[in-house]
Amino acid sequence: MRTGIADLPLHWGHAPRWLVTRMIRLAGAVVKIIVTEYGSSELIRRLADPFWFQAFGAALGFDWHSSGVTTVVTGVLRAAIDPQELGVAVCGGKGSRSTRTPREIEEVCESLSISSRKAEELKRASMLAAKVDNAALQDGFPLYHHVIVFSEDGEWAIIQQGMDVETRLARRYHWLSEGLSSFVEEPHKAIVGARARQPVLNLVARESEDARRVMVDLVGEGVVRLKRLVAEARGFIPLDDWLRTGGRSRVRRVVRYLKMPWSINWRAVERAYQLGPKRFEELLEVRGLGPSTLRGLALISALIFGAEPSWRDPVKFSFAFGGKDGVPFPVNRDAMDEAIQFLWESVRMAEMGEKDRLEALKRLSAIRGGGK
């Protein structure tokens, strides 16, 4: 289910150890209360909400608008959540850690006695979400961070982030298993970002349905024809240069186009041909089929067969204790420590019985402002 995208400025540096320690303790208390009161499904649902996730990071004392919110908050959750205690696990992370996600899923599922079938479903969801945001949606933010949070029941949320070094922006993508009917048609719920980009190749838009169908057909009997078309395209003036100069054309209106990549992974295309995918989801699962090859298939779909893909960028347009960079004010360590102590006390009271539990929750609901 589509739950959101957020654009964030790139910030460098590390959260200080004294803050990370408090973040882990505070996050642990918040997560424990949510799971105790509402269940693991609600925790996963909230983490898949980009606004709640951002507010959570701010409450923990991290930069309110930094790209580091994604990596630090998910890292803190990994340290704060004990799968054996809560029945919830966090797998994946930044850079090379993200590549170990499938193995981590298998290990956690084995420790929680989750069936191998559910483990395979979780691994497939993790792979497809990454493939969609990295290749099927080409918005200029290659992924470098991927995390999946899942429960014993197989419910999951995926939080991943890509980076555009030139604009110094990061974009975060949120996914939720609840209500997800397709990985390849409007899979992401609300979209949040600084600004929309044009043009953006969006193969998971509803308007791209015909393009997806033709692209699947192309890797069948159309492989030989596709190779010939690519070879014939070499040496011609790129379509974008023709439209941009104005000297060779009197076209003044905005024209949508897709520039043909010079390099296509023909081994991946031939592998797809041998596998014979029937649906676009299956095409995305083909190993080695990346952004460049998908652009090539989309070009042929649009220019030769009239199946135009979408060019629509899916992006649209509180601090509790302060932020580590002093924005909007320095972290108040005493207030943060007091809140941590209070929350864990509430957790212990909640575990004692219904009466004390209700009283603890009443006290929690009375919290106001950025101090206690």
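How are helices α3 and α4 oriented to each other, roughly parallel or roughly perpendicular? The model in the viewer is predicted, so local features need pLDDT of at least 70 and side-chain atom pairs count only at pLDDT 80 or more, while totals for chains, interfaces and linings use all residues. Residues are numbered from 1 along each chain as its sequence is written, and side-chain values use heavy atoms, with hydrogens and water left out.

Select helix α3 (residues 50–59) and α4 to begin, where the axes lie 10 Å apart at an angle of about 75°; the two are therefore roughly perpendicular to each other. Here helices are DSSP runs of H or I with at least four residues, strands are runs of E with at least two, and both are numbered from the N terminus. Axes are lines fitted to C-alpha atoms, for helices over the stretch in contact, with angles from 0 to 180 degrees between N-to-C directions; those under 35 degrees count as roughly parallel, over 145 as roughly antiparallel, 65 to 115 as roughly perpendicular and the rest as oblique. F53, Q54, F56 and G57 of α3 meet V69, T70, V73, T74 and L77 of α4, contact meaning heavy atoms within 4.5 Å.

On the α1 side the contact is made by M23, I24, A27, G28 and V31, and on the α4 side by V72, V76, L77, A79 and A80.

Next, select W156 and F183, whose ring centres are 6.2 Å apart with planes at 15°, so the pair is stacked. Rings of Phe, Tyr and Trp (its six-membered ring) pair if their centres lie within 6.5 Å, and planes under 30 degrees apart count as stacked, over 60 as edge-to-face and the rest as tilted. W156 belongs to strand β5 (residues 156–164) and F183 to the loop between β6 (169–176) and β7 (201–202), 27 residues apart. W156 is buried at 6% relative accessibility, and F183 is buried at 10%, where buried means under 20% relative accessible area, exposed over 50% and partly exposed in between (1.4 Å probe, protein chains only).

Finally, turn to two loops. E186, in the loop between β6 and β7, has a positive phi of about 50° although it is not a glycine, and E186 is buried at 17%. S113, between α7 (101–111) and α8 (116–136), has a phi near 60° and is exposed at 69% relative accessibility.
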